[in-house]
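Hello,

Here is the structure we talked about handing over. Please look through it first; my notes follow below.

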Amino acid sequence: MKKLIILMYNIIFMTWYRLCGLKIKITSFIGFEKHLRGCRFIRIGKNTRIRRHITINCYGKYRGEKLSPQLLIGNNVYINDGFMCLVTDKVTIENNVTVGPNVSVMSHNHGLNPESQSYLDNKLEIAPVTLKDGCWIGDKSIILPGVIVGKKAVIGAGSVVTKSIDDYAMAVGNPARIIKRYNLETKKWEKVNG
């Protein structure tokens with residue numbers, strides 16, 4: 001009975017989102033209690049699972065400024081509960097990426113002019129974000145604009161990623177820094193000095 005309810009939910013709601021412009025392969029699934037804004041800017045590949053309580057906002061405009069948001073999610077991606085993605089530029093989540101619970105990804109920040117009435121009045125600072133093949137983003141991490149998380153990289157839980165992380169690297173902290181690299185020859189994670 002539960003599987004039938006999930007199937008009916010998927011058919012009804014995913015049909016609604018498809019009518020709104022969402023491009024999602026039939027073998028992919030987005031769980032209950034989702035908020036999707038700007039569906040026409042979202043593309044999701046095959047065998048991707050996006051869990052519950054997610055928020056994806058693709059902004060086509062901000063305070064009269066025209067933006068070019070694009071969210072591309074590849075194949076075999078797993079995104080856990082509580083995911084939040086704010087898209088004003090291109091955000092790419094490549095194949096086989098694993099995203100832990102309550103992760104945030106943002107392709108913009110507000111400007112920092114304190115002389116404006118509100119920071120919301122500042123022009124947005126926009127930059128693309130890429131999560132490369134097979135990387136793993138730990139619980140409650142935050143990925144900021146302009147960041148590339150490398151292939152098979154690991155981001156430790158609670159990290160704030162302000163700069164790009166190399167392929168096969170492990171980064172933790174606020175701001176995130178690389179603490180280990182995977183050596184393909186020895187097949188081991190090795191500590192980074194300094």
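**Sheet and salt bridges**

Strand 6 (residues 54–58) and strand 11 (residues 84–87) run parallel and pair over four bridges. Within that pairing, asparagine 57 has leucine 86 of strand 11 as its bridge partner. Strands here are DSSP runs of E with at least two residues, numbered from the N terminus. Two of them count as paired if DSSP finds at least two bridges between them.

First, the basis. This is a predicted model, in which local features need pLDDT of at least 70, side-chain atom pairs count only at pLDDT 80 or more, and totals for chains, interfaces and linings use all residues. Residues are numbered from 1 along each chain as its sequence is written, and side-chain values use heavy atoms, with hydrogens and water left out.

Next, the charged pairs. How many salt bridges does a search of the whole structure find? It finds five. A salt bridge here is a side-chain nitrogen of Lys or Arg within 4 Å of a carboxyl oxygen of Asp or Glu.

Three residues are linked in a network of salt bridges: Arg51, Arg52 and Asp81. Aspartate 81 meets arginine 51 at 3.2 Å, N to O. Aspartate 81 is in the loop between strand 10 (78–79) and strand 11, and arginine 51 is in the loop between strand 5 (49–50) and strand 6, so this contact ties together parts 30 residues apart in sequence. Arginine 52 also forms a salt bridge with aspartate 81, with the closest N and O atoms 3.5 Å apart. Arginine 52 lies in the loop between strand 5 and strand 6, so its pair with aspartate 81 links parts 29 residues apart in sequence.

Buried or exposed? For relative accessible area, buried means under 20%, exposed over 50%, and partly exposed in between (1.4 Å probe, protein chains only). Aspartate 81 is buried at 17%. Arginine 51 is partly exposed at 33%, and arginine 52 is partly exposed at 34%.

One more pair. Aspartate 166 and arginine 181 form a salt bridge, their closest N and O atoms 2.8 Å apart. Aspartate 166 sits in the loop between strand 22 and strand 23 (169–173) and arginine 181 in strand 24 (residues 176–183), so the pair ties together parts 15 residues apart in sequence. Aspartate 166 is partly exposed at 37%; arginine 181 is partly exposed at 35%.

Best wishes
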